[in-house]
Amino acid sequence: MPNIVDADTIFKELKSHSISEFFRKNSQMLGYSGKVRSLTTVIHEYVTNSLDAAEEANILPDITVEIKELAESKYSVKVRDNGPGIPANIMGKVLATVLSGTKFHRYIQQRGQQGIGGSGCTLFSLITTGKSIHIKSGTGKTAYECDLTIDIKSNKPLITNKQEIDKSFKGLEIYGEFGETKYEDSDHGVYEYLRRTALSNPHASIKLVDPAGKEFNFMRSVLEMPIKANASRPHPLGIGTNDLLEYAHNSVESRKISSFLVDTFSRMSTNKVVELREMVKTVDFDKDPRQLTWDEAEKLVKAFKETKWIAPDLDSMSVIGEEQIKATIKNILNPTYMSVVERKPKVFRGGVPFVVEAGIAYGGAAGKEQKDGSSGVLIRFGNKVPLLFDGSVCAITVATSDVDWKRYGIKDFEGEPISLLVNVSSVYIPFSGVGKQAIAQEAEIIEEIKLAVMDCARGLQRYMSGERNKSIQSSKYNTIMRYVNQLSISLSEITGTKKEDIERDLKDLVGRRYKKLLEAEALAGGGTQEVEVDEAASSKSKEDSDEEE
Ligand SMILES: Nc1ncnc2c1ncn2[C@@H]1O[C@H](COP(=O)(O)OP(=O)(O)OP(=O)(O)O)[C@@H](O)[C@H]1O
Ligand SMILES: [Mg+2]
């Protein structure tokens, strides 16, 4: 018989550990799995922070990323921005304390949400190299540099070698060394990540210096800042019991549940509160919101769902914008055709607003270059951040894989030079993991993506059929032109008119007819507003047809 171990012995081992300790053991949850992905994750965290910070400070972002290979599977990363910088007294809190940031508690669309990204990098550097990261920060008033790491046991920052630097240094520069990483020129690598970031952030200027010392500059395509999202209040339909309790127990100013509801939620008028009082008679609306119980909160949330509400506030979202997407596609992909669609805001889970934008680019640098030609490529974004991993479970992939491209004149999406861009914006993107690389498959989001993509595809279809007709007409034109010379000789013999005159008149006649046909085609479909044929390409095709004549 085995010895029975009693509870006292088992629980002698009981310990609790800090959140940093947890992520040290589970760094894959933060996106640190696989060497290529780990390096892209570091860049992603720093660059999204720089973009958020610059946007908040109303500064057009200039970001430089420099990567060097230090040893096998070990790279250094330097990210420098021209944003507001971070004051010295909170540096440790924001970049070396897991779950600490300025965005978590706001109901506003920003790229960062949880307060994990920056400190996650600090932690990853520590566990793969044993080193601190080095920071330089300038706020305009003061500037300093320091080394920074995390005390994993206590999830507290450790700052060393802090000293003032020249005040002219403005913005933030982070230098870190990371093991278990690899720089790779692939769809999942840093170059592609930054190229896509430039596509979805036309107001940003991004420079990459790769480990070979090669420089890539993604210049900004527009000079205006994106329209700023306003912090707004949550809609009653978008929250659950736990959320309501959290809001109620943290409420500082409201003395009664009734005023707490009006102060906390959007679309909650005093009349609505009267209505709710009628519906939930067992809840005392005059009591302190901090005394709200789970049972009462559950009843209130149930009543919220049964009440009619005005749709949620939509100015808490910041989209890329139709014109901006066109400018950036032209700048980076320079296609022969593009169409862009921005859908109207919608809600999912009853009350969380979101917007879908989609764009199709055809020709030029669109698509993915393969050995045997280009192939179609889907470029996913969540709040303007490129999503490079976990594609198969993402709502964007699922929605677009249902599109029947043949209906739109595309025989094989995989075999055409097409880039299909989809961006989902929301105050709360329902990511399906902490690594934030796939959007959960919410039915309303999938539906909106499908509609946006189909709308773009219709434009592409018109363009493609216009192109096909053009090519049929041009081959007919060339065939007729081949006979003009022979016909002119014969006609000259019969009529006695000079062959050159007949030939000139015939060419003129056929040419005019051909031009009219092309114009009619364009009016019938090929010339819709979305069609934007690149000037260089159109003059090239004109030269071709001149030669043929
Ligand atoms: N380049 C920067 N310039 C100014 N402030 C920054 C910069 N990078 C980070 N911060 C500040 O540090 C905080 C923590 O950043 P961190 O990436 O850890 O979290 P987050 O961006 O709020 O959320 P997420 O975990 O989703 O990225 C941010 O909320 C921001 O206030
Ligand atoms: Mg962040």
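Reply: Among contacts with a separation of 6 or more, 72% are between residues 24 or more positions apart; contact here means heavy atoms within 4.5 Å. This is a predicted model, in which local features need pLDDT of at least 70 and side-chain atom pairs count only at pLDDT 80 or more, while totals for chains, interfaces and linings use all residues. On bookkeeping, residues are numbered from 1 along each chain as its sequence is written, chains are lettered from A and ligands numbered from 1 in the order in which they are written, and side-chain values use heavy atoms, with hydrogens and water left out.

The protein has 15 helices and 16 strands, where helices (H or I, at least four residues) and strands (E, at least two) are DSSP runs numbered from the N terminus. It runs to 549 residues, and 48% of them count as buried. For burial, the cut-offs are under 20% relative accessible area for buried and over 50% for exposed, with partly exposed in between (1.4 Å probe, protein chains only).

The part I'd zoom in on is helix 7, residues 241-249, and its pairing with helix 8, residues 257-264. Two packed helices are described by the angle between their axes and the distance between the axes. Here the angle is about 105 degrees and the axes sit 11 Å apart. The axes are lines fitted to C-alpha atoms, for helices over the stretch in contact, and angles run from 0 to 180 degrees between N-to-C directions. So helix 7 and helix 8 come out roughly perpendicular; that label covers 65 to 115 degrees, with under 35 roughly parallel, over 145 roughly antiparallel and the rest oblique. On the helix 7 side the contact is made by L244, Y247 and A248, and on the helix 8 side by F260, L261 and T264. Sorted by type, these contact residues are five nonpolar, one polar and no charged. (Nonpolar takes in Ala, Val, Leu, Ile, Met, Phe, Trp, Tyr, Cys and Pro; charged is Asp, Glu, Lys and Arg; the others, Gly among them, are polar.)

K228 is partly exposed at 43% relative accessible area. Leaving out residues up to four places away in sequence, K228 touches E55, E56 and N58. Take E56: 172 residues separate it from K228 along the chain, yet their C-alpha atoms are 8.1 Å apart.

N58 deserves a glance of its own. It lies in the loop between helix 3 (35-56) and strand 1, and it is exposed, with a relative accessible area of 52%. Its phi is positive, about 60 degrees, although N58 is not a glycine. Most residues other than glycine have a negative phi, and most peptide bonds are trans.

R220 and D62 meet through their side chains in a salt bridge, 3.1 Å from N to O; the criterion is a side-chain nitrogen of Lys or Arg within 4 Å of a carboxyl oxygen of Asp or Glu. This pair ties together distant parts of the chain, with R220 in the loop between strand 8 and helix 7 and D62 in strand 1 (residues 62-71), 158 residues apart. R220 is partly exposed at 24%, and D62 is partly exposed too, at 36%.

The structure holds 26 salt bridges. For contrast in burial, look at K287 and E296, which are both buried; their closest N and O atoms are 2.9 Å apart in a salt bridge. Elsewhere, E192, R195 and R196 are joined in a salt-bridge network.
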